[in-house]
Amino acid sequence: MPIEFEVKMDAKSLSGFVLYHNYVRPGGLIGLLLSVAAIVALIIRWDSWTGMQRCLLIVLALLFLVFQPLMLMKKAHTQLQSGAFLFPMSYSFGEETFSIAQGENKEDFVYADIRKAVLHKNVIYLYMTAVSAFIIPRGACEEFDRLKELVKEGRRTR
């Protein structure tokens, strides 16, 4: 019996994906490490830095821990109001294949088409390309745990 549900993307889910996608890549991780290193350097050697150096370290610390996440959430909010997210997406997952429809458009896939599946407690990201994914929040699917198992099993048999 297929699992069928609809997803109307919300700001929280899209922001979560954008933040996740950005911070698991090497550039995002390096940025986080630089910010943490700047904070550690500030704390440990506060008296050794000039006022200008302290300001630069504070800006570096805030860059990846505050400014970038805020910019990414703003980007997600802007994307949410674009054409792709204005209408809900209908999903249907079967044993062998799954389909995704939005309005008149419908695409069928086999589980081997999934480039990467990220299965978290409250969301599933199905990457079909290196930079885009279908986002399935737990609240959108009543059979969320069964869906996670179906995706795992489908990807295992590919």
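Modeller: One term to begin. A helix here is a DSSP run of H or I with at least four residues, and helices are numbered from the N terminus. Also, this is a predicted model.

Colleague: OK. In which helix is Q68 found?

Modeller: Q68 sits in helix α3.

Colleague: And is Q68 buried or exposed?

Modeller: Buried. The cut-off for buried is under 20% relative accessible area. Q68 has 18%, so Q68 counts as buried.

Colleague: What does Q68 touch?

Modeller: Leaving out residues up to four places away in sequence, Q68 touches N22, Y23 and L63. N22 and Y23 belong to α1, and both are buried there.

Colleague: Which other residues of α1 are buried?

Modeller: Besides N22 and Y23, the buried residues are S13, L14, S15, F17, V18 and H21.

Colleague: What do the buried residues of α1 pack against?

Modeller: They pack against three helices: α2 (26–44), α3 (51–80) and α4 (83–86). They also pack against strands β6 and β7.

Colleague: Which strands does α1 lie across?

Modeller: α1 lies across β5, β6 and β7. Its angle to β6 is about 60°.

Colleague: In what order do the strands of that sheet come?

Modeller: The order is β5-β6-β7, in an open sheet of 3 strands with antiparallel pairing. β5 and β7 are the edge strands, and each pairs on one side only. On average, neighbouring strands of this sheet are turned by 10° against each other, direction ignored.

Colleague: How many bridges pair β5 and β6?

Modeller: 4 bridges, with β5 covering residues 116–119. The two strands form a hairpin, with 3 residues between them. L119 stands opposite I124 in β6.

Colleague: And how many bridges pair β6 and β7?

Modeller: 5 bridges, again antiparallel, and β7 covers residues 133–137. β6 and β7 also make a hairpin, with 5 residues between them. V123 has P137 as its bridge partner in β7. L126 has F134.

Colleague: Which residues lie on which side of β6?

Modeller: V123, Y125 and Y127 are on one side, and I124 and L126 on the other. Both faces are covered. In general, side chains in a regular strand alternate between the two faces of the sheet.

Colleague: New topic. What is the order of the 4 strands in the other open sheet?

Modeller: That order is β1-β2-β3-β4, and the pairing is antiparallel. β1 (3–7) and β4 (105–110) each have a single partner strand, so one side of each has no neighbour in the sheet. Neighbouring strands here are turned by 15° against each other on average, direction ignored.

Colleague: How are β2 and β3 joined?

Modeller: By 4 bridges, with β2 at residues 89–93 and β3 at residues 97–102. F93 has F98 as its bridge partner in β3.

Colleague: Which strands does α5 lie across?

Modeller: Helix α5 (residues 144–156) lies across β1 and β2, at about 110° to β1. α5 also lies across β5, β6 and β7, at about 150° to β5.

Colleague: Zoom out. How many helices and strands are in the protein chain?

Modeller: The chain has 5 helices and 7 strands. Along the sequence they follow the pattern β-α-α-α-α-β-β-β-β-β-β-α.

Colleague: Why is the chain called more spread out than a compact globule?

Modeller: Its radius of gyration is 20 Å, well over the 15 Å from the globule rule for 158 residues, so the chain is more spread out. Its C-alpha atoms fill a box of roughly 65 × 35 × 25 Å along the principal axes.

Colleague: What share of the chain counts as buried?

Modeller: 36% of the 158 residues. The chain exposes about 9800 Å², and carbon and sulfur atoms supply 62% of that.

Terms used. Residues are numbered from 1 along each chain as its sequence is written. This is a predicted model: local features need pLDDT of at least 70, side-chain atom pairs count only at pLDDT 80 or more; totals for chains, interfaces and linings use all residues. Side-chain values use heavy atoms; hydrogens and water are left out. Buried means under 20% relative accessible area, exposed over 50%, partly exposed in between (1.4 Å probe, protein chains only). Two strands pair if DSSP finds at least two bridges between them. Axes are lines fitted to C-alpha atoms, for helices over the stretch in contact, and angles run from 0 to 180 degrees between N-to-C directions. Contact means heavy atoms within 4.5 Å. The radius of gyration is taken over C-alpha atoms; the globule rule is 2.2 Å times the number of residues to the power 0.38. Accessible areas come from the Shrake-Rupley method with a 1.4 Å probe; for residues, only the protein chains shown count as cover.
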